[in-house]
Amino acid sequence: SLQNDSVVAGGGAIEMELSKFLRDYSRTIPGKQQLLIGAYAKALEIIPRQLCDNAGFDATNILNKLRAKHAQVRPGAAW
C-alpha cells in the first residue's frame, strides 16, 4: 500500500535529469546523431521505471510527475 508518495533523492532522479538534458541537447543536433542521443535518453528512463514497477507504483504516472518536476526551472535549484 502507498504510505508516502514523497520524492526520494537518488530514486531515479539522476537518470531523469540526464535524460532531460540529453533530450534537450538532441533537439539541437541534425541528422542521425539526434536519434541516437534521443534513444539513449529514453533508455536512461528505464531505471526509474523499473524502480516504480518494483515498488508497486504506477510507473507511467510517477514518470510523468518526475518529468514535470525536472522540467520546472527554478533559480538556484539544482537536482
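Let me start with two residues, F21 and Y25, which both sit in helix α1, residues 13-26. They are 4 residues apart, about one turn of the helix. An α-helix has 3.6 residues a turn, so residues three or four places apart point the same way. Before going on, please note that this is a predicted model.

Now, the rings. The structure holds 1 aromatic pair. F21 and Y25 form that pair, and it is stacked, with 6.4 Å centre to centre and 0° between the planes. A pair of aromatic rings is described by just those two things, the distance of the centres and the angle of the planes.

Are these two residues buried or exposed? F21 has 53% relative accessibility, so it counts as exposed, the cut-off being over 50%. Y25 comes out at 42% relative accessibility and therefore counts as partly exposed.

Next, the chain as a whole. The protein chain has 4 helices and 0 strands, and along the sequence the pattern reads α-α-α-α. Of its 79 residues, 24% count as buried. The accessible surface is about 6000 Å², and 59% of that belongs to carbon and sulfur atoms. As for contacts between residues at least 6 apart in sequence, 46% of them join residues at least 24 apart.

Which residues make up the largest nonpolar core? There are 5 in all: L22, I29, I37, A41 and L44. Helix α2, residues 32-44, gives the largest share of this core, with 3 residues. Take A41 from that list. Leaving out residues up to four places away in sequence, A41 touches S19, L22 and R23. L22 is itself a member of the core.

Last, helix α4, residues 59-71. This helix has 13 residues and reaches 18 Å from its first C-alpha to its last, close to the 18 Å expected at 1.5 Å a residue. Which residues of α4 are buried? They are A59, L63, L66 and H70. Seen down the axis of α4, the buried residues fall within an arc of 60°, so they line one face of the helix. What covers them includes α1 and α3, the latter being residues 46-55.

Terms used
Residues numbered from 1 in each chain as written. Predicted model: local features only at pLDDT ≥ 70, side-chain atom pairs only at ≥ 80, totals over all residues. Heavy atoms only, no water. Phe/Tyr/Trp six-rings, centres within 6.5 Å; stacked < 30°, edge-to-face > 60°. Buried < 20%, exposed > 50% of the residue type's maximum accessible area, 1.4 Å probe, protein only. Contact = heavy atoms within 4.5 Å. Areas by Shrake-Rupley, 256 points an atom, 1.4 Å probe, with all protein chains shown as cover. Core = buried A, V, L, I, M, F, W, Y, C linked by side-chain atoms within 4.5 Å. Expected span 1.5 Å × (residues − 1). Arc of directions from axis to C-beta.
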